[in-house]
Amino acid sequence: MHEVCFFRPPLYHWGKIGKEFDAAMVRIFDERAAVQATLDDLAQRIDRLIAAERQEEQHRAAPAE
């Protein structure tokens, strides 16, 4: 029996990131999309999700006025 471990960072948007990743893999393997272009697009999408999460964290951490 093989045990598989996958590191998932503590990100609120991890579900969205996982869906973006899955969709990119479908485009690459099923739809035969260009690998580099698809992964570049995926990286940009993930960067936007992480940036949005950081902004949300900063907003929550800001003192109430």
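Is Arg-8 buried or exposed? I looked this up and found Arg-8 exposed, with a relative accessible area of 53%. For the cut-offs, I took buried as under 20% relative accessible area, exposed as over 50%, and partly exposed as in between, with a 1.4 Å probe and protein chains only.

**Entry: ground rules.** I am working on a predicted model, where local features need pLDDT of at least 70, side-chain atom pairs count only at pLDDT 80 or more, and totals for chains, interfaces and linings use all residues. Residues are numbered from 1 along each chain as its sequence is written, and side-chain values use heavy atoms, with hydrogens and water left out.

**Entry: before α1.** I placed Arg-8 in the segment before α1. Helices here are DSSP runs of H or I with at least four residues, strands are runs of E with at least two, and both are numbered from the N terminus. From Arg-8 to Gly-18 I noted 10 residues in sequence and 9.7 Å in space, C-alpha to C-alpha. His-13 also lies in the segment before α1, but His-13 counts as buried because its relative accessibility is 7%. I then listed what His-13 is in contact with, leaving aside its neighbours within four places in sequence: Leu-49, Glu-53 and Glu-56. Contact means heavy atoms within 4.5 Å.

**Entry: helix α1.** I read α1 as residues 14–29, which is 16 residues. Its reach from first C-alpha to last is 22 Å, close to the 22 Å expected at 1.5 Å a residue. The expected span is 1.5 Å times one less than the number of residues. Ile-17, Gly-18, Ala-24 and Ile-28 are buried in α1. Looking down the axis of α1, I found these buried residues within an arc of 125°, so they line one face of the helix. The arc is that of the directions from the helix axis to the C-beta atoms. The buried residues of α1 pack against α2, residues 35–61.

**Entry: the loop.** I put Arg-32 in the loop between α1 and α2. Arg-32 is exposed, at a relative accessible area of 73%. Its phi is positive, about 55°, although Arg-32 is not a glycine.

**Entry: helix α2.** I noted 27 residues in α2 and a reach of 39 Å from first C-alpha to last, close to the 39 Å expected at 1.5 Å a residue. Its buried residues are Thr-38, Leu-42, Ile-46, Leu-49 and Glu-53. What covers them includes α1. I checked Thr-38 separately: Thr-38 counts as buried because its relative accessibility is 8%. Leaving aside neighbours within four places in sequence, Thr-38 is in contact with Ala-24, Arg-27, Ile-28 and Ala-33. Glu-56 is in helix α2 as well, and I found Glu-56 partly exposed, with a relative accessible area of 30%. Glu-56 and Gly-15 are 41 residues apart in sequence and 16 Å apart in space, C-alpha to C-alpha.

**Entry: how α1 and α2 pack.** At what angle do α1 and α2 pack? I have about 170°, with the axes 10 Å apart. Axes are lines fitted to C-alpha atoms, for helices over the stretch in contact, and angles run from 0 to 180 degrees between N-to-C directions. α1 and α2 are therefore roughly antiparallel to each other. That term covers angles over 145 degrees, while under 35 is roughly parallel, 65 to 115 roughly perpendicular and the rest oblique. On the α1 side, I listed residues of the contact including Lys-16, Glu-20, Phe-21 and Met-25. On the α2 side, they include Val-35, Leu-39, Asp-41, Arg-45 and Ile-50. The residues of this contact divide into 11 nonpolar, 1 polar and 5 charged. I counted Ala, Val, Leu, Ile, Met, Phe, Trp, Tyr, Cys and Pro as nonpolar, Asp, Glu, Lys and Arg as charged, and the others, Gly among them, as polar.
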